[in-house]
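Reader: Please walk me through how to read salt bridges and strand pairs in a model like this one.

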Amino acid sequence: MDTTPANNSHDRYDTVLVGSSAGGVQGLGTLLGGLDPELPVPVLVAQHLRRSRETRIVSVLSRSTSLTIRLAEDRERPRAGTVYIAPPDHHLCVCPDGVLELTDERPVNFARPAADPLFESAGRAYGGRIIACVLTGADSDGARGVTAVRGRGGTVIVQDPETAEFHGMPKAAIETGQVDFVRGLEDIAPTINHLLRETRPAGP
């Protein structure tokens with residue numbers, strides 16, 4: 001499935017967002033491993049994590065990519081080429097000035113962190129200058145968020161449910177009708193790279 005993004009008025013993207021749940025760590029490894037090493041934007045990730053134990057997600061994902069992987073910190077400004085993971089038991093949001101914010105607002109679909117708060121807040125901060133991705137997961141988190149992103153002119157990529165370990169999140173996102181690309185897991189990173197190259201300002 002390919003459609004024209006809702007609004008092409010932006011001349012570049014400012015960030016890539018990723019939401020995932022069950023099966024998502026493996027999916028994230030594949031996605032991040034396929035992104036350009038000189039990625040010109042930051043990546044913000046909401047992966048459902050258990051709050052009852054210390055997470056090893058940074059060390060696990062760092063094996064898959066040369067990009068810098070770190071847990072997001074409150075009030076930091078995201079930098080290009082760095083992947084910021086929402087820490088356990090906190091939603092990762094973006095303030096209007098582009099600074100990251102960690103919140104303990106109520107769980108979404110029983111999850112905190114969740115994709116919807118990230119996608120919705122980033123849409124308010126960046127408008128249409130967003131690429132938002134929904135990967136494998138067992139619930140409907142991300143559906144509300146992709147609607148918000150695309151309503152502001154952003155671009156939405158969803159993992160083909162047939163390639164997802166758990167179909168719920170990608171299927172719910174697709175059913176919103178607010179999706180630009182449906183891709184197999186291995187094809188999501190090349191799609192992102194292509195979009196970023198298309199919109200990257202030309203050098204001197």
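**Reading charged pairs and a hairpin**

Author: Let's start with Asp89, which counts as partly exposed at 22% relative accessibility (buried is under 20% relative accessible area, exposed over 50%, partly exposed in between; 1.4 Å probe, protein chains only). Bear in mind that this is a predicted model, where local features need pLDDT of at least 70, side-chain atom pairs count only at pLDDT 80 or more, and totals for chains, interfaces and linings use all residues. Residues are numbered from 1 along each chain as its sequence is written, and side-chain values use heavy atoms, without hydrogens and water.

Reader: Which residue forms a salt bridge with Asp89?

Author: Side chains of opposite charge can pair when their charged atoms come close. Here, the partner of Asp89 is Arg112, with the closest N and O atoms 2.8 Å apart (the cut-off: a side-chain nitrogen of Lys or Arg within 4 Å of a carboxyl oxygen of Asp or Glu). Asp89 sits in the loop between β4 (82–85) and β5, and Arg112 in the loop between β6 and α3, so the pair ties together parts that are 23 residues apart in sequence. Helices (H or I, at least four residues) and strands (E, at least two) are DSSP runs, numbered from the N terminus.

Reader: Is Arg112 buried or exposed?

Author: Buried, because its relative accessibility is 16%.

Reader: How many salt bridges does the whole structure have?

Author: The search finds eight. One of them joins Glu120 and Arg144, whose closest N and O atoms are 2.6 Å apart. Glu120 belongs to helix α3 and Arg144 to helix α4 (residues 143–151), so this pair links parts 24 residues apart in sequence. Glu120 is buried, at 19% relative accessible area, whereas Arg144 is partly exposed at 44%.

Another contact brings together the side chains of Arg70 and Glu73, at 3.3 Å from N to O. Arg70 is partly exposed, with 29% relative accessibility, and Glu73 is partly exposed too, at 44%.

Reader: Which residues are linked in a network of salt bridges?

Author: Arg12, Asp14 and Arg129.

Reader: Now the strands: how many bridges join β5 to β6?

Author: In a regular strand the side chains alternate between the two faces of the sheet. β5 (91–94) and β6 (100–103) run antiparallel and are joined by four bridges (two strands pair if DSSP finds at least two bridges between them). Across this pair, Leu92 stands opposite Leu102 in β6.

Reader: What does Gly98 do in that hairpin?

Author: The hairpin has five residues between its strands, and Gly98 takes a positive phi near 90°.
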